[in-house]
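Dear colleague,

Please find below the structure that I am handing over to you.

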Amino acid sequence: RIAPAVVAVCMVGLVLNLAATIHGVEIATSDDAMVVLGTENPAVGAANRLADFRIGRFYAELKWTALESIVAIGSDTGRTLVRVGACLLALLAASWFAWRATKDAGCGALALLLGLGFLPVSLGYQPLLSHPLLWVGWAAVWTAGTVALGEDTPRRRATVAALLAVAFIVHESNLVFVVWPVLIHAWARRQNDWRRLLRHGAPSAIVLVAYVACFWWSRSAAPSGYVGVKPRLDALAVVFADFVFSAGAFPGIESWLARSPDAGAPLFMTPDAWWGAVAARAVWWHLPAVGLMGAGIWLMLRRQPSARFDVPLRTGALAVVLIFAVLAPNFILATTVKYQGWAHQRMWPYYYSSMSFLAWIVLGAVALRAGANAIPSRVAQIGAQLILVALLIVAALGVQGANREAAGLLREHRFDHINGYRQHFRDLPSRQGRE
């Protein structure tokens with residue numbers, strides 16, 4: 001009975017650890033610098049809005065006003081609260097979905113623990129530090145999925161459509177999720193009547209049509225030459241870019257990336273180099289932080305899983321839907337010339353990879369809870385769970401060290417694509433003596 005209270009304490013500790021890690025980071029990227037410049041110079045602020053409007057973001061005024069309000073916060077504590085609060089909103093929405101989809105509170109708690117323990121702080125473009133509004137859009141997507149789990153009623157369809165409208169206005173990368181509630185509803189209600197599914201998705205489709213109409217009106221009013229919206233529908237290039245931007249969000253992978261400025265360098269560190277990096281990055285408070293995560297995961301793994309996990313095909317079908325959620329956020333990005341090039345330049349994870357991260361942690365929580373039923377022997381089950389928790393603690397220790405290193409560098413220098421990319425990674429303490 002005390003397990004929920006202990007897990008809640010673990011979560012609070014992990015949230016405080018995240019806040020302490022990013023506290024003091026002001027201008028993390030060149031994108032942030034443009035927002036700050038817009039608050040100081042009205043002409044730059046107007047140019048920022050016009051540039052966004054010309055590429056189809058008819059909501060540019062709303063977006064830039066919100067971003068400028070965030071960067072205008074003078075207090076490090078206030079800025080940290082906004083960043084962590086926005087991130088926590090999306091993590092809670094994803095965890096709530098995991099709970100409701102599996103009818104297992106332990107699965108939801110696992111997703112939240114994994115999210116807090118493995119959330120990366122990247123030397124690059126990320127919503128945690130540079131675009132907190134993106135978390136709001138993803139929270140809307142996960143909440144729409146949760147609503148779609150229920151019976152098909154006009155009220156639910158309208159709620160889903162409204163939530164997707166919020167997600168679309170936050171960013172156009174979320175347009176792919178127009179089919180997300182239909183996939184969830186088909187899985188949850190075992191619905192294979194396509195006419196009923198079309199009816200369920202009709203309000204969301206209307207929202208999409210309205211968005212696209214506004215998008216084209218905005219673009220046609222003042223066409224832009226921005227290469228970031230220039231399409232290149234080469235199937236292999238699209239698949240590669242979508243894969244690396246999505247896989248780059250896999251929990252823990254950030255701490256393994258070699259991040260060398262040399263194009264021909266290995267992609268990942270060797271195990272010896274990784275251990276050396278962990279030793280160089282680690283500080284004493286990382287041990288209680290990852291220990292809290294491990295304790296919470298252990299307590300949740302010891303709980304009896306929901307009966308829903310007794311049906312492997314149902315769990316497998318949910319996993320397929322979650323793989324869609326992993327790949328979908330980066331699909332539109334992957335169809336453009338600019339970001340296909342960035343994919344080859346190892347500029348990932350990127351902003352929208354963070355939604356892929358949320359899907360990965362939900363998928364991981366489902367896999368962990370389903371695995372609890374797969375081992376019949378209680379002794380073998382406990383042994384496997386101990387090994388798994390130990391491995392997760394070690395992996396999370398690597399993540400926390402990498403996060404501390406990245407945040408420390410971003411306090412001193414903002415990240416600015418290739419030039420900053422090459423300079424920053426040469427200066428990393430954990431890379432010294434290995435190049």
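**Pockets and helix packing**

Helix 6 (105-118), helix 18 (353-371) and helix 19 (378-412) each supply at least two residues of the lining of the second largest pocket. This is a predicted model, in which local features need pLDDT of at least 70 and side-chain atom pairs count only at pLDDT 80 or more, whereas totals for chains, interfaces and linings use all residues. Residues are numbered from 1 along each chain as its sequence is written, and side-chain values use heavy atoms, with hydrogens and water left out. Helices (H or I, at least four residues) are DSSP runs numbered from the N terminus.

The second largest pocket has a volume of about 300 Å³. A pocket here is an open set of points on a 1 Å grid over the protein atoms alone, where a 1.4 Å probe fits, with protein on both sides within 12 Å along at least five of seven lines; lining residues have an atom within 4 Å of a point. A volume is the space filled by probe spheres set on the points, which are joined across faces, edges and corners. Of the 16 lining residues, Leu114, Phe250, Pro251, Gly364 and Leu392 are the closest to the centre of this second largest pocket. Helix 18 provides the largest share of its lining, 6 residues. By class, the lining holds 13 nonpolar, 3 polar and no charged residues (Ala, Val, Leu, Ile, Met, Phe, Trp, Tyr, Cys and Pro count as nonpolar, Asp, Glu, Lys and Arg as charged, and the others, Gly among them, as polar).

The largest pocket has a volume of about 1,200 Å³. It is lined by 43 residues, of which Ile55, Arg57, Glu172, Tyr226 and Val229 are the closest to its centre. The lining of the largest pocket comprises 24 nonpolar, 10 polar and 9 charged residues.

Helix 18 also packs against helix 8 (residues 133-148), at an angle of about 40° and with the axes 10 Å apart (axes are lines fitted to C-alpha atoms over the stretch in contact, and angles run from 0 to 180 degrees between N-to-C directions). Helix 8 is therefore oblique to helix 18 (angles under 35 degrees count as roughly parallel, over 145 as roughly antiparallel, 65 to 115 as roughly perpendicular and the rest as oblique). Trp135, Trp138, Val141 and Trp142 of helix 8 meet Ser354, Met355, Leu358, Ala359 and Val362 of helix 18 in this contact (heavy atoms within 4.5 Å). The contact has 8 nonpolar, 1 polar and no charged residues.
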